[in-house]
Amino acid sequence: MSTPGSPTVADPPALERIRVVLVRPRHPGNIGAAARAIKTMGLSQLWLVSPERFPDPEAEILAAEARDLLASARVVDELDRAIGDCALTIATSARERSQDWPLLSPNSAAERVLSCAGVAEAALVFGPENSGLKSAELYRCQYRSAIPTGAGARSLNLSHAVQVYAYAIRSALDSAEPSEAAPLASTEDRERLYRHLRQVLEALDFPRRDPEHLLLKFRALGNRSDLRAAEVSLLRGLLRRVEQRIGNTECDSTMSETPREADA
Ligand code: SAH
């Protein structure tokens, strides 16, 4: 890691594969400050999901030296478009959640993100200033992460939270272990698997009560297991065979590309 005053060394390419995703940010100043926070730490990708005001002069002012990064921010209308092709997604959240979603410290989140970004795109997802991420958005992500705070106030300013994670990533550069070369499943791959699983569970009428709760458990299991793309294919091949056996041939259009290699 370069220290203040040391000659500038090129940033490792893994940093280019890390996305900072701001979901429905309300204040343009926070968008600008987030751009500055990530640029100073050597990151380069800012994604904005339905920002309330963008572009905006206030964002430019707060971005300071990071105006170029701000100008290159990708604006999309829903979270899936920002993370669909990512192999790792981590939601950040100040709130205590009752659900048992796997929780990482900022340092472990940073290590995982860096390790994944050695070979694939990875995303850190931040919620809106007023309400944070919705539960459905959190469940799209494999992990959640929270910055420890004092008892009196849990919630940091959005751009400050971005700075904490960007710095944690910068600090983890020295210790990052390269991840395996086998391609990891993307968010899209995993979502297809969960949709397929839901279809099969419904066809099996299992469980009779509260299928949503069971699906959430499967989602948690899949999300924390670093699934590879080939493993998703294997599982979907198995689901396809179950469907054939129970005579459930009604597949929706997203199921039509069910892989066949595990279908022998
Ligand atoms: N009232 C909201 C706070 C939103 S703050 C809530 O209860 O969640 C805006 C965003 O900044 C959050 O969605 C999260 O992405 C990030 N953030 C703020 N404080 C954080 C903390 N302690 N740990 C991790 N992320 C935090």
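**Close-up views of a predicted model**

**View 1. Ile246 in the segment after α10.** Ile246 belongs to the segment that follows α10 (229-245). The model shown here and in the other views is predicted. Ile246 has 39% relative accessibility and therefore counts as partly exposed. Together with Leu204 and Phe206, Ile246 makes up a nonpolar surface patch. The accessible area of Leu204, Phe206 and Ile246 together is about 270 Å².

**View 2. Gln199 in helix α8.** Helix α8 covers residues 187-204 and includes Gln199. Gln199 counts as buried because its relative accessibility is 12%, and the cut-off for buried is under 20%. The side chain of Gln199 makes a polar contact of 2.4 Å with the side chain of Glu243.

**View 3. Strand β6 and the burial of its residues.** Strand β6 is formed by residues 122-126 and is mostly covered, with five of its five residues buried. Ala122, Leu124 and Phe126 point one way from β6. Ala123 and Val125 point the other way, and these are buried as well.

**View 4. Pairing of β6 with β1 and β4.** Strand β1 (residues 18-23) runs parallel to β6, and five bridges join the two. One of the residues involved is Val20, whose bridge partner in β6 is Leu124. Strand β4 (residues 88-92) is also parallel to β6 and is joined to β6 by four bridges. On this side of the pairing, Leu88 has Ala122 of β6 as its bridge partner. Both bridge partners named in β6, Leu124 and Ala122, are buried and point one way from the strand, as does Phe126.

Methods: Residues numbered from 1 in each chain as written. Predicted model: local features only at pLDDT ≥ 70, side-chain atom pairs only at ≥ 80, totals over all residues. Heavy atoms only, no water. Buried < 20%, exposed > 50% of the residue type's maximum accessible area, 1.4 Å probe, protein only. Polar contact = N/O pair within 3.5 Å; in protein donor to acceptor, adjacent residues only side chain to side chain. Patch = residues over 30% accessible without salt bridge, like charges linked within 9 Å, V, L, I, M, F, W, Y side chains within 5 Å. Areas by Shrake-Rupley, 256 points an atom, 1.4 Å probe, with all protein chains shown as cover. Salt bridge = Lys/Arg side-chain N within 4 Å of Asp/Glu carboxyl O. Pairing = 2+ DSSP bridges.
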